[in-house]
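This report describes selected features of one protein model. It turns to strand pairing, then to a helix, and then to pockets.

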Amino acid sequence: MSVRVTWLGHASVVLDVGTGPAGTPPVRLVTDPLLQRHAGVLRRRGDRPDAGEWEGADAVLLSHLHHDHAELRSLRLLGDVPVLTAPANARWLRAKGLRGVGLLGGAWHGVGPADAGVEVRLVRAVHGHRPMPHRPNAANGHLVRATGPGGVRVWAVGDTEHHADMVHLPALADGPVDVALVPVGGWGPRLSGGHLGPAQAARVCAEVGVRVAIPVHWGTLHAPGGRHLPRGWMDHAGAAFEAACQRAAPRTRVVVLRPGEAWSSDVAA
């Protein structure tokens, strides 16, 4: 069972999981889609993602409702696909005409064709800083597993600070975390609470025993006029995370992508 990871920038990732039944396409999941040029007042460095990279999604994995993660125009571009998130977030999305699906903690939810063997569940995230008065503030990560022979397990971490429950991720996934999409930065040179910086993210990978870590949530968005203040800050977090893993999580392989780049592997091999 294989997985292909395409980073679209910020927290937006396309996961193509497995080969599908009888040679059909893999199940396609999109995390926190930001498919437009900008996110509110925040500016994107570089072009918007090419539609060919995200079309045909079977489901969206939504971590929380901050504007750089739940951008309504982007969600609508994906069409009538289920948006898997916390129940409070799902209710809000349904009120906006989207197909919000609230997942209960501990329950696996099948996605894609019924016989594809791909399931998703929510996991805890702690992201209580900067609460929004006009949207629910529930936050979560996601675990994805393919249940067939040689199944793969992917952890979409979501925006979070370190918390004690992370050590239980392999048990929740029913096996080792093969691939983790790990946030390592933000849209400014300083991180607010509720986020992981490169060093903290590396320690999380060591604690969980992540096999392959792909840094996300860095190098994409910036405030107006803030792209070069201080100079070079947007290019720092990916390399800093890789260096931190060499020290703190030497068993974790780090794959640093640029927006639009992809990585794939038969992780069970």
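Gly110 has Glu119 of strand E10 as its bridge partner. The model that shows this pairing is a predicted one. Strand E10 covers residues 118-124 and pairs with E9 in the antiparallel sense, over 3 bridges.

Both strands belong to an open sheet of 7 strands, arranged in the order E9-E10-E11-E12-E13-E14-E16, with mixed pairing. Strand E9 (109-111) and strand E16 (253-254) each have a single partner strand and stand at the edges, so one side of each is left without a neighbour in the sheet. In general, the strands of a sheet pair through backbone hydrogen bonds, either parallel or antiparallel.

Helix H4, formed by residues 198-208, lies across strand E12 (153-156), strand E13 (179-183) and strand E14 (212-216). The helix runs at about 155° to E13.

| Pocket | Volume |
|---|---|
| Largest pocket | about 270 Å³ |
| Second largest pocket | about 160 Å³ |

The lining of the largest pocket consists of 18 residues, and Leu42, His66, His67, Asp68 and Trp187 are those nearest its centre. By class, this lining of the largest pocket holds 7 nonpolar, 8 polar and 3 charged residues.

The second largest pocket is lined by 13 residues, with Gly185, Gly188, Pro189, His236 and Ala237 closest to its centre. Its lining comprises 8 nonpolar and 5 polar residues, and no charged residue is found in the lining of the second largest pocket.

Definitions and conventions:
Residues numbered from 1 in each chain as written. Predicted model: local features only at pLDDT ≥ 70, side-chain atom pairs only at ≥ 80, totals over all residues. Heavy atoms only, no water. Pairing = 2+ DSSP bridges. Helix = DSSP H or I, 4+ residues; strand = E, 2+ residues; numbered from the N terminus. Contact = heavy atoms within 4.5 Å. Axes fitted to C-alpha atoms, helices over the stretch in contact; angles between N-to-C directions. 1 Å grid on protein atoms, 1.4 Å probe; cavity = no way out; pocket = protein on both sides within 12 Å on 5 of 7 lines; lining within 4 Å. Points joined across faces, edges and corners; volume = space filled by probe spheres on them. Nonpolar A, V, L, I, M, F, W, Y, C, P; charged D, E, K, R; others polar.
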